[in-house]
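Subject: Structure for your review

Dear colleague,

Please find the structure below, together with its sequence. My findings follow it.

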Amino acid sequence: MAEKPKPPKQLTLDLEGKEEKPKQKKGTSSHRVVLDASAPSKKTSTTRKKPTVTTRSITVRIPSDKQPAVKPETRVPPAKGKPTPRTADQPNPHVVQTRTRKHPATKTSKPKKQQVVPPKIGKRTSYRPPLSMRLLLPLLIALLACTALILLYAHYEKPAILAPSPPVVEERDVVALTIESGMTARTVSLLLEQLGVVEDAQAFLAYLVEEELATVIQTGTYIMGRNLSFSEVASMLANTEKTMDVTIPPGFTISEIDDYLANRLEGESGIFIEAVNDLASAYQLSFTEGWLLSGTYTVHRNRAGEELALAMYQKMLRELQGLLDSPLLERYSIEELLIVASMIQAETQDVTQMEGISSVIHNRLENGEPLGIDATTRYEIGDWENPIPTEALETKSPYNTRRKAGLPPSGICSPGVDALEAAFFPKDSPYFYYLHGYDKAIHYAETYEEHKQNISLYR
């Protein structure tokens, strides 16, 4: 039987000449050499060749904090498998680097800082202005545009210097009462207590009996304030003052009537204006100019303002009773037709021209065209004689019927009976224009071209 071959012998040699130890110390290296018995043996030197190590002391000067820092060089990692030799400029990692301290007495001059001059705005690379600078120009443009619009609006919408017809008077708490024929002093006293004019009807009746005024109470309509004294109420009901006749021509405004009445009474103005405002408050009128019918009236001197305003209003109501069959009331209200009547009265005093002017006004109202009545602007500025200023004609105001379509917000004067009839029953015509020529006649036109021809012929 053949003998089993033995494995080759393995020998472990320590290059440092020491025997193999079970645990190797860190930092030492050992090599294991396996020798094959069949291979030819080579003589290996057991003496370790000590490597040569060169040390070099390098003093590295670390810059102080005040000196500009030097940007370290970027080291490129060596390629794998090819070690890069260290140069003399590179520090030895195995040597402790020392820092040389300066003697405190030694003074070194500070290096001069280089002045950094930034490039001009717009010359920098990828320069972008801040948000505030980018928004400044659009804001300035918008501000200038708004300013221009405001100035333009103020130029074209600047209101003319107006003189409203009735001055604004503080509204009072007043009531209207009517004393009819056959009413006794007791009945009148109870009515006054019911309306709040007096507080105690029995006490007021006793006052009338004591002053011997119970049998001289006059019939009529009165406008009285609330909580008056007994003497004030009695003087109104039993008026023994002298009377006077007052004639109000057609076309007078409330302000003109007030001035006329003040001259007749030789007193201060404002009496009639206050009475008209009390009238509007008692009867809940939306406006007063145009609600007062011209004519001749008899009033007591001590109550001329109140009696005249009430008499003109009551006469207007009586006159309107005969005009309620007008077909125009299906389209317009009574107040709107009163405004038309006041415009007709202000445009002409010739009764024969009123129906034609009324037809032109109603034709324009039906078509939605501006009326172009200069009398409404004259009423607004309070000037009926001088030429109308261009500024007033160009101002878009409620009474400028050249710039505004439709009726003005109120009447412009006290109309007469003829103007009322013309407003409620206009003449049927195709005309849309008219003018008063120097020949004192009125000339109508259907188109604007014809109207311009009339202007060239008669003005």
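Strands, labelled E, are DSSP runs of at least two residues, numbered from the N terminus. In these terms, lysine 440 is found in the loop between strand E5 (433–436) and strand E6 (442–445). Please note that this is a predicted model.

Backbone and exposure

The phi angle of lysine 440 is near 65°, a positive value in a residue other than glycine. With a relative accessible area of 77%, lysine 440 is exposed. Glutamate 266 also has a positive phi, near 55°, and is likewise a residue other than glycine. Its place is the loop between helix H5 (254–265) and H6. Glutamate 266 is exposed, its relative accessible area being 75%.

Helix packing

Helix H6 covers residues 271–283 and helix H7 residues 304–320; their axes come within 8 Å and cross at roughly 50°. H6 and H7 are therefore oblique to each other, and their crossing is right-handed. On the H6 side, the contact involves Ile271, Phe272, Ala275, Val276, Leu279 and Tyr283. These meet Gly305, Glu306, Leu308, Ala309, Leu310, Met312 and Tyr313 in H7. Of the residues in this contact, eleven are nonpolar, one is polar and one is charged.

Salt bridges

How many salt bridges does the structure hold? There are six, and I describe some of them here.

Glutamate 307 pairs with arginine 303 in a salt bridge whose closest N and O atoms are 3.1 Å apart. Both glutamate 307 and arginine 303 are buried.

Arginine 331 forms a salt bridge with glutamate 366, with 4.0 Å between the closest N and O atoms. This pair links distant parts of the chain, 35 residues apart: arginine 331 lies in the loop between H7 and helix H8 (334–347), and glutamate 366 in helix H9 (residues 351–367). Arginine 331 and glutamate 366 are both exposed.

Arginine 364 forms a salt bridge with glutamate 369, and here the closest N and O atoms are 4.0 Å apart. Is arginine 364 buried or exposed? Its relative accessibility is 11%, so arginine 364 counts as buried, the cut-off for that class being under 20%. Glutamate 369, at 27% relative accessibility, counts as partly exposed.

Yours sincerely,

A colleague

Technical notes. Residues are numbered from 1 along each chain as its sequence is written. This is a predicted model: local features need pLDDT of at least 70, side-chain atom pairs count only at pLDDT 80 or more; totals for chains, interfaces and linings use all residues. Side-chain values use heavy atoms; hydrogens and water are left out. Axes are lines fitted to C-alpha atoms, for helices over the stretch in contact, and angles run from 0 to 180 degrees between N-to-C directions. Helices (H or I, at least four residues) and strands (E, at least two) are DSSP runs, numbered from the N terminus. Angles under 35 degrees count as roughly parallel, over 145 as roughly antiparallel, 65 to 115 as roughly perpendicular and the rest as oblique. A crossing is left-handed if the near helix is turned anticlockwise from the far one by less than a right angle, and right-handed if clockwise. Contact means heavy atoms within 4.5 Å. Ala, Val, Leu, Ile, Met, Phe, Trp, Tyr, Cys and Pro count as nonpolar, Asp, Glu, Lys and Arg as charged, and the others, Gly among them, as polar. A salt bridge is a side-chain nitrogen of Lys or Arg within 4 Å of a carboxyl oxygen of Asp or Glu. Buried means under 20% relative accessible area, exposed over 50%, partly exposed in between (1.4 Å probe, protein chains only).
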